Amino acid sequence: MKERDICRGCKRGNAVAQRELYDRYSPNLLAVIYRYVGNDDDAKDVLHDTFVKAYTMIDSFAWAGDGSLQAWLTRIAVNTALNFLRSRKRLSALTIDTADLDDPPPEMMEEATVTEVNSLDASTILEMVAELPDGYRTVFNLYCLDGYSHREIAEQLGINEKSSSSQLARAKALLAQKIKNYINEHNNYNHYEQQYK
């Protein structure tokens, strides 16, 4: 079934089209939501709420070519995930003191090299992103993975642009440190294995 047909069917309340919408887009949306909420159970709850909203709001969607339905669903998923985090007061870390607006502390500034990042598979990196504190993870996802500007993030989260920028810098520094630690641990393990073979 083509995307446009799915859209038309859902607008008519067709159960087959609604099932196709879910089957086709839920894996990708679950991955997007997981990046924000950081655990499977919460991600599944948010996915459910995302589809409830999508089914009830489908009449407001205007199809604009292939990919537009997925983009629309992704926006709903991100907004639903953010609302979930707000409802659980997990974004309170984004109310930042002025001290937090400075650059990340020097011990967090060691950069992971491109080679080091490329040596990891995507699932490992996404697990590291999921381990970031809620505020860092949210800004990192919005800016780096979903393409929001700092102005849009500030509006979306009710913070100022400088706070968004600071949270992003800290998220990147912490993620770089996680990558460094992961690689060092694996190098030490491999060295140990070779030494005792």
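Helices here are DSSP runs (H or I) of at least four residues, numbered from the N terminus. I started with His150, which is found in helix α8 (residues 150–157).

I had to remember that this is a predicted model, where local features need pLDDT of at least 70, side-chain atom pairs count only at pLDDT 80 or more, and totals for chains, interfaces and linings use all residues. Residues are numbered from 1 along each chain as its sequence is written, and side-chain values use heavy atoms, leaving out hydrogens and water.

**His150.** Buried or exposed? I got 17% relative accessibility, so His150 is buried (buried is under 20% relative accessible area, exposed over 50%, partly exposed in between, with a 1.4 Å probe and protein chains only). Leaving aside neighbours within four places in sequence, I found His150 in contact (heavy atoms within 4.5 Å) with Tyr143, Glu161, Ser164, Ser165 and Leu168.

**Salt bridges.** My search of the whole structure turned up six. A salt bridge puts a side-chain nitrogen of Lys or Arg within 4 Å of a carboxyl oxygen of Asp or Glu.

I looked at Glu20 and Arg24 and read 3.0 Å, N to O. They sit four residues apart in helix α2 (residues 15–37), so about one helical turn separates them.

Next I checked Lys178 with Glu131, whose closest N and O atoms are 3.2 Å apart. Lys178 is in helix α9 (residues 161–195) and Glu131 in helix α6 (residues 122–131), so this pair ties together parts 47 residues apart in sequence. Glu131 is exposed at 51%, while Lys178 is partly exposed at 21%.

Last, I noted Asp134 and Arg137, at 2.5 Å between the closest N and O atoms. Arg137 is buried, at 2%.

How values were computed:
Helices (H or I, at least four residues) and strands (E, at least two) are DSSP runs, numbered from the N terminus.
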